[in-house]
Amino acid sequence: MTWEQRLERDLPELLEQLGMGPSPDYRDDIVHRTAAMHQRPAWTFPERWLPMDTTAARGAATPLRPILIVVLIALAIVAAAVVAGNKFRESRPAPPYGPAANGQIAYSIDGDIRLGDPSSGTSRVLIGGPTMDTYPYLSLDGESLLFVRQAEGTPIGAPATVADLYLADARGGDIRRLTGQTLAGETTVVDAVWRGDSEAILLTSMIDGRPELTTVDVADGSRRRVDLGRPVFDASFVPPDDRRIVFRSVDATGVQGLYVVDADAGEPSALTDPLGTEDFEFAVSPEGRSVAYSATDASGTHQTHVVDLRSGVDRILPLAEGALHQGLPAWSPDGRWLLVGRARDISGPVEVVLALISPDGAEPGRSLEALDSGERSWAPDGSGILVVRRNDHALDLITALAGTKRSLGFAPDSGTGAPDWQRLAP
Amino acid sequence: VDQRGLVERAREGDHDAFTLLVDLSIARLDTAARLVLRDRELARDAVQETLIRAWRDLPGLRDPARFDAWLHRLTVNACLDLARRRRRRVIEVELPRIDLPGLPDPSGELADRQLLDEALRRLDDRHRAVVVLHYYLGMPLPEVAAALRIPAGTAKSRLHYALASMRAAVAADPPAANTAPEGQLA
């Protein structure tokens, strides 16, 4: 085995040796400086307000007036009717692609998976207990949940493997491990994508230091490697039949591009011209006819393209006046709009303005909101866009029509996966 | 050492407990910052900023079991903030000594470390950060992506590119037997 081949295996130990040294000499300086410094009071962290015992005690001590009791009973009747209605709707699976009704938002905090209600701003535990449960991925029919489960006390930074992947139903029941079958040379699980029929999951994991694809059968956890002979950085099924996969990869010279391949493997074909060495984003349209992507051209400008999957015709969408960069495309559930981020300058701190543009380039589009958010996704019904604030990871909802923004009142922990909005039958 | 107990005490304002937490973590944070930034003084600044912020914001940490992960994220953000500011000025990069006394050091391991040092030095900050976070601090790639505020696919491609570049650097520059720099300026 050559040094190059040993590189990945030995990297942790070599980095330990490379960085080994005595405790830094500025330790005393830090200790003295912090000793003279006040801590930020706990009450200034909103998440630490109102311990449960305090809240409960206050509620019990206040006598309820008769009229209040009547109001509460009326509210309970209304709530029961709403819950009954939701249960009826939840009994039917959502269509895998296209618009669906908005369900709850799954996210991870404090090692639990919670469901947040975007209407009321309240949330409840879906998957709890002493285990560390993170990275919720709801199936496209809204009925199942894939998540990472690690042992109690496992720090957030601990690598997850296929043995840590678990499934549950959307009500938090029927929890079971998906697979423990590790492939030779496989280390970290990187990403998971549900297939439209919710019967299989496309898994990206590092195998011999290279990101590669496997499909996992949800019924029995069996795995099949999708051998593409090249690294796969991002992958997505092509609706509506999921018989093809679009993925981002590099050629032998390190130049990136988009490729398409049959889901049963075979020889990938290039979907785009070579797109340089910069990373880029792409999204497959909900009806499966086009792929939107953003790439940097020779002048350094980031442009949004739409390529037709059948004809291969690649069209650059016009830039808005004043915008120098336009990227990170995301299709609306009905396929009529592309959500993009626009920026004037990307050399320093970037101010991104979210905008909706027409995928055929016929309309100039309209700006929605300036934000520093890194993550955003469409509501299943297309009425709004969910964004994650960079500073505190709180969730905001921007309405697609008016562009108004409101806070949803809950926030996932950093590094525990993106929030995932449940799709329900319309 | 009961780290959880120390975190709970420090969170209540016990500075002696915080000092013990500093002693437990500072060497690892300093190493990670040096590996990412390749500059001893900048690393020092990053770790100081990290630990000062950790002391100030400890009352906001809800789960003491997450102290290490929280501290790593603070360190990463401090390193990247400094790296962004550093791009505006030219600096001399000091390579750390790799022939530390008192360590078992067969010639093969020494050559490996020298090769790794060279290969790491050729990466830019963004790629080096992914390597250090993933392989030194043990973060899974999705956590690396979140810490660096980049999509998971970008983290994947940066790690792949970094490993490929390091392999290429090693292949192009085979180890010189039994030699090691004493510490030098690049």
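## Two helices in chain B

Helices H6(B) and H8(B) are roughly perpendicular to each other, because an angle of 65 to 115 degrees counts as such, with under 35 degrees counting as roughly parallel, over 145 as roughly antiparallel and the rest as oblique. In this predicted model, H6 (residues 125-136) and H8 (residues 152-172) of chain B pack at an angle of about 95 degrees, with their axes 9 Å apart. Axes here are lines fitted to C-alpha atoms, for helices over the stretch in contact, and angles run from 0 to 180 degrees between N-to-C directions.

Where the two helices are in contact (heavy atoms within 4.5 Å), B:Arg126, B:His127, B:Val130, B:Val131, B:His134 and B:Tyr135 of H6(B) meet residues of H8(B), including B:Ala155, B:Leu159 and B:Met166. By class, this contact of H6(B) with H8(B) has nine nonpolar, two polar and two charged residues.

## Chain B as a whole

Chain B has eight helices and zero strands, where helices (H or I, at least four residues) and strands (E, at least two) are DSSP runs numbered from the N terminus. Of the 186 residues of chain B, 59% count as buried, a term that means under 20% relative accessible area, with exposed being over 50% and partly exposed in between (1.4 Å probe, protein chains only). Among contacts in chain B between residues at least 6 apart in sequence, 69% join residues at least 24 apart.

## Where chains A and B meet

Helix H2 (residues 27-35) of chain A and helix H2 (residues 15-37) of chain B pack at an angle of about 150 degrees, with their axes 11 Å apart, and H2(A) and H2(B) are therefore roughly antiparallel to each other. On the H2(A) side, A:Arg27, A:Ile30, A:Val31, A:Thr34 and A:Ala35 meet residues of H2(B), among them B:Phe18, B:Val22 and B:Ile26.

Within H2(A), the residues A:Ile30, A:Val31 and A:Thr34 are buried. They cover an arc of only 100 degrees around the axis, taken from the directions from the helix axis to the C-beta atoms, which puts them on the same side of H2(A). The buried residues of H2(A) pack against H2 and helix H3 (40-57) of chain B.

## Basis of the values

Residues are numbered from 1 along each chain as its sequence is written, while chains are lettered from A and ligands numbered from 1 in the order in which they are written. In this predicted model local features need pLDDT of at least 70, side-chain atom pairs count only at pLDDT 80 or more, and totals for chains, interfaces and linings use all residues, while side-chain values use heavy atoms, with hydrogens and water left out.

Methods. Ala, Val, Leu, Ile, Met, Phe, Trp, Tyr, Cys and Pro count as nonpolar, Asp, Glu, Lys and Arg as charged, and the others, Gly among them, as polar.
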